[in-house]
Amino acid sequence: MRATLQFCTYNRAGLLERVLDACFEQTVGEDEYEIVLVDDGSGDRTPAVIERARSRARCTFTVVSQANSGLARARNAGIARATGERIIFIDDDVLPLPNFVEEHLRAGARHPASIVRGGAIEVENLDDLPPPIWSIKNYSGNYFWTTNVSVPLATIRAIGGFDESFSEYGWEDIDVGLRLRGRGVKAVFHPAALVYHYKPRARAESVEKMLAQSRAQARTAVRLVGLHPHWRAYLATGINPVQRGFHRLLRRLHLADRFRRSLARRGGERELRPSDLRAARALASEAYFEELERVLRS
């Protein structure tokens, strides 16, 4: 088997069927790749979606079902079942193009020991997709970003896979990238291995989830710099004097209260306007740094 396409899902039954169909409709032969899906304890219609999808699978389709344990442990369950020479990671909110696996294999053949990072186009609507043309505005500088990345299976296994101490949201893939980089594994960017990354417009009711994720990400950020006391980790997480000082100043100016008032004026309206979305993101940023300071003090 040349490639394993691996992803994990949790309570995204509405998206999962589309993602699976895109994974099945690849240009490489059905004996050249497999799909390994980990259902991380979904409580919605995910099991039914998976059962319906089995009849449409054109390649080996392996499903691992487990109690909800977090993304790092779910990724490791997928790695354990993988048989491809190269493992390709995606998320459950991306649609790979039909030549996606083929392009990862093509880049992997040119750089057999390397990480291959693919391109992603952010979209708000999966029923109105733009032309599949990647541009620099969609660039991510992450060394290892599981939205779209591949690596030799033996390489990811050699470092022990994902660190399962990252049990909350955030940074588990950055940790993998730092460990691979520390071992001298090179990364190449291959935008032709392209996915559409579904990012629906934020709604008023999703703001609290944004804030909760930001606080969880702050807690895992402290874990990351504890494992990697390196300037890359300090810069990426904001755990440095410049960024911490700037956000301390913002808190003294009580800007978070202004953001909250701006969002409150929208009341129960479903979609946030661009100005309110900026306010929500600013509020999430302040929640992140506030939680960061709390954890660092403790």
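Which residues line the largest cavity? They are R117, G118, G119, A120, W134, N138, S140, N142, W145, N148 and F189. Before going further, note that this is a predicted model, where local features need pLDDT of at least 70, side-chain atom pairs count only at pLDDT 80 or more, and totals for chains, interfaces and linings use all residues. Residues are numbered from 1 along each chain as its sequence is written, and side-chain values use heavy atoms, with hydrogens and water left out.

**Overall fold**

- The protein chain has 11 helices and 8 strands, taken as DSSP runs numbered from the N terminus (helices are H or I with at least four residues, strands are E with at least two).
- Its radius of gyration is 20 Å, close to the 19 Å that the globule rule gives for 298 residues, so the chain is as compact as a globular protein of that length; the radius is taken over C-alpha atoms, and the rule is 2.2 Å times the number of residues to the power 0.38.
- Along the principal axes, the C-alpha atoms of the protein chain fill a box of roughly 60 × 45 × 40 Å.
- Of the 298 residues, 51% count as buried (buried is under 20% relative accessible area, exposed is over 50%, partly exposed is in between, with a 1.4 Å probe and protein chains only).
- The protein chain exposes about 14400 Å², and carbon and sulfur atoms supply 51% of that; the areas come from the Shrake-Rupley method with a 1.4 Å probe, and for residues only the protein chains shown count as cover.
- Take the contacts with a separation of 6 or more: residues 24 or more positions apart account for 81% of them (contact means heavy atoms within 4.5 Å).

**The cavity**

- The structure holds 1 cavity of 30 Å³ or more; a cavity is a set of points on a 1 Å grid over the protein atoms alone where a 1.4 Å probe fits but cannot get out, and lining residues have an atom within 4 Å of a point.
- The largest cavity has a volume of about 80 Å³, where volume is the space filled by probe spheres set on the points, with grid points joined across faces, edges and corners.
- Strand β6 (residues 115-123) gives the most to its lining, with 4 residues.
- By class, that lining divides into 4 nonpolar, 6 polar and 1 charged (Ala, Val, Leu, Ile, Met, Phe, Trp, Tyr, Cys and Pro are nonpolar, Asp, Glu, Lys and Arg charged, and the others, Gly among them, polar).

**The second largest pocket**

- About 250 Å³ of space lies in the second largest pocket; a pocket is an open set with protein on both sides within 12 Å along at least five of seven lines.
- Its lining has 13 residues, and Y143, I174, L178, R232 and A236 lie nearest the centre.
- The elements giving two or more residues to that lining are α6 (172-182) and α8 (231-237).
- Its lining has 8 nonpolar, 3 polar and 2 charged residues.

**Residues to look up**

- N11 has a positive phi of about 55° without being a glycine; N11 is found in the loop between β1 (3-9) and α1 (13-24), and counts as partly exposed at 34% relative accessibility.
- W171, another residue other than glycine, has a positive phi near 80°; W171 lies in the loop between α5 (153-158) and α6 and is buried, with a relative accessible area of 11%.
- R75 sits in helix α3 (residues 71-81) and is buried, with a relative accessible area of 1%.
- Leaving aside neighbours within four places in sequence, R75 is in contact with Q6, F7, C8, F89, I90, D91, T146 and F162.
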